[in-house]
Amino acid sequence: MLRAEMTAKDPLLDAALSHHRQPHRAYHDERHVLELLRLAAEHTPDLSEAERLAILFHDAVYVPGAPKGMNETLSALLMRATIAGLVGKGEIPAPPQSLVDEVAAIIEATTHIDPPSASAERVCDLDLWRLAAPWEEFQQHSADIDREFRHLYPPGDSCKQARRDFYSSMLTREHIFHTAYFRERFEPIARANFRRALAE
């Protein structure tokens, strides 16, 4: 019902979700986008238009195993092309170029490699929220990520070890989340999830 209601009124949302329906996606799919929009409504209800558009398109291109930053760079380009196409068809008004550039910068920050700019912090925190999900949901998130990456690893436990390496690396960070709001509410839960996963 949520998707039907939203896509009927929002050509940008419908276009963005169409990019997330590829069969190889087990986690970075349309459910992920809709979940982030629901989380934003709860935790960042004053979301800017740039932040919202970045959520819609931040995983528009998702190739597991691509070089760091490539998916995000291509997602930003696909966002620009999608908006241009919708404007050309008269489905949406032309947004200011400054807005499109800001959206692209936020999307490119969702590599989660370097600390994001202030304008990208909340989108990055929303994108990482599942690391602090209740344990059963956290496990499902891990399983879905593994399904996306399994073909890149030899048979055995290599994929699982890659996930464990990721958890260990996250625990070495001074902060997982960038905003005080998310740190206070979700940082302890995420760290507890990592430690529990590593202990099993």
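## A tour of helices and rings

Start by selecting helix α4 (residues 49-57) together with helix α6 (residues 97-109), which pack at an angle of about 50° with their axes 8 Å apart. Helices here are DSSP runs of H or I with at least four residues, numbered from the N terminus. The axes are lines fitted to C-alpha atoms over the stretch in contact, and angles run from 0 to 180 degrees between N-to-C directions. α4 and α6 are therefore oblique to each other (under 35 degrees would be roughly parallel, over 145 roughly antiparallel, 65 to 115 roughly perpendicular, and the rest is oblique). Their crossing is right-handed, meaning that the near helix is turned clockwise from the far one by less than a right angle.

A word on what is on screen: this is a predicted model, where local features need pLDDT of at least 70, side-chain atom pairs count only at pLDDT 80 or more, and totals for chains, interfaces and linings use all residues. Residues are numbered from 1 along each chain as its sequence is written, and side-chain values use heavy atoms, with hydrogens and water left out.

Next, select helix α3 (residues 30-43). Its 14 residues reach 20 Å from first C-alpha to last, close to the expected 20 Å (1.5 Å times one less than the number of residues). Ten of the 14 residues in α3 are buried, that is, under 20% relative accessible area with a 1.4 Å probe, protein chains only. Among them are Glu30, His32, Glu35 and His43.

Now colour the aromatic side chains: the structure holds ten aromatic pairs. Rings of Phe, Tyr and Trp (its six-membered ring) pair if their centres lie within 6.5 Å; planes under 30 degrees apart are stacked, over 60 edge-to-face, and the rest tilted. Zoom in on Phe138 and Tyr167, whose centres are 5.4 Å apart with planes at 35°, so this pair is tilted. Phe138 sits in helix α8 (residues 135-149) and Tyr167 in helix α9 (residues 158-171), so the pair ties together parts 29 residues apart in sequence. Phe138 is buried at 1% relative accessibility, and Tyr167 is buried at 4%.

Move on to Phe182 and Phe186: with centres 5.5 Å apart and planes at 45°, this pair is tilted too. Both lie in helix α10 (residues 180-199), four residues apart, which means about one helical turn separates them. Phe182 and Phe186 are both buried.

Which residue lies over the face of Tyr181? Show Arg185, 3.6 Å from that ring centre (a charge sits over a ring if NZ of Lys or CZ of Arg is within 6 Å of the centre and within 35 degrees of the ring normal).

Notes
Helices (H or I, at least four residues) and strands (E, at least two) are DSSP runs, numbered from the N terminus. Buried means under 20% relative accessible area, exposed over 50%, partly exposed in between (1.4 Å probe, protein chains only).
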